Amino acid sequence: MRSVRKAPGELDEERLVRLVARGDRAAFDELYRRTAPWMAVRLRRRCADEQIVAEVMQETYLAVWRAAGAFAGASVGGTAVGWLWTIAARRLVDAFRRRAHHAEPPPAAASVGAAPGAEEEVLAATVGGDVGDALRTLAPELRQVLQALVLDGLSVRETSVLLGLPEGTVKTRARRARIAMRRALT
């Protein structure tokens, strides 16, 4: 039986990454089209400097093009979107570190508006049920730390740099967030 090749627009993100690993430019273009808008929003929520956001986006997609073959995917419980965000978050931390060595710290993260942002909508779709409800009831500063540590997989040091907080504050907020989550889930 002959397999029919689907157009890139009909494939899921994991399959697109696998095609990118083989050098498929159309798959890369489709992956970028799908993921760049929400990634830019997430990065802007963490950094108000458009130049840094643009650099991080470029570095992220260059890394995706070069390292798509290293993506393990569902075989290790990961997702393509999660893998992309991990790369972007680490590139953002690297950009903050580079800037810290050469100049003043980057501008503070953009303030959270009254209307729910795209990140909250993605979070609601990703983390549902009781855990999602409990996470959304956390104070914004606690949720931010918990998202960076748990959902984004950053270390305490990386979270500290990303959020512009001392490491001790990150640890304290993470502990408070975990306690609040336990209470909300019992």
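Predicted model: local features only at pLDDT ≥ 70, side-chain atom pairs only at ≥ 80, totals over all residues.
1. Overall architecture. The protein contains 9 helices and 0 strands. Read from the N terminus, its elements follow the order α-α-α-α-α-α-α-α-α. Of the 186 residues in the protein, 39% are buried. Where contacts link residues at least 6 apart in sequence, 62% of them join residues at least 24 apart.

2. Packing of α2 and α3. Helix α2 spans residues 25-46 and helix α3 spans residues 50-67. The two pack at an angle of about 145°, and their axes lie 11 Å apart. Their crossing is right-handed. On the α2 side, the contact is formed by R25, F28, L31, Y32, T35, A36, M39, A40, L43 and R44. On the α3 side, the contributors are E50, V53, V56, M57, T60, Y61, V64 and W65. Sorted by class, this contact comprises 13 nonpolar, 2 polar and 3 charged residues.

3. Main nonpolar core. The largest nonpolar core comprises 37 residues. Within this core, M39, L43, M57 and L92 have the most contacts. Two or more residues are given to the core by each of α1 (13-21), α2, α3 and α4 (80-102). The largest share is that of α4, with 11 residues. M39 and L43 of α2, together with M57 of α3, also take part in the contact between those two helices.

4. Apart from neighbours within four places in sequence, L92 is in contact with L43, R46, C47, I52, V56 and L162.

5. Helix α8. This helix covers residues 156-163, and its buried residues are E158, T159, S160, L162 and L163. L162 is also one of the contacts of L92. After α8 comes G164, which has a positive phi, near 70°.

6. R157. When neighbours within four places in sequence are set aside, R157 is in contact with R97 and E167. R157 and E167 are 10 residues apart along the chain, and 6.1 Å separates their C-alpha atoms.

Definitions and conventions: Residues numbered from 1 in each chain as written. Heavy atoms only, no water. Axes fitted to C-alpha atoms, helices over the stretch in contact; angles between N-to-C directions. Helix = DSSP H or I, 4+ residues; strand = E, 2+ residues; numbered from the N terminus. Left-handed = near helix turned anticlockwise from the far one by under 90°. Contact = heavy atoms within 4.5 Å. Nonpolar A, V, L, I, M, F, W, Y, C, P; charged D, E, K, R; others polar. Buried < 20%, exposed > 50% of the residue type's maximum accessible area, 1.4 Å probe, protein only. Core = buried A, V, L, I, M, F, W, Y, C linked by side-chain atoms within 4.5 Å.
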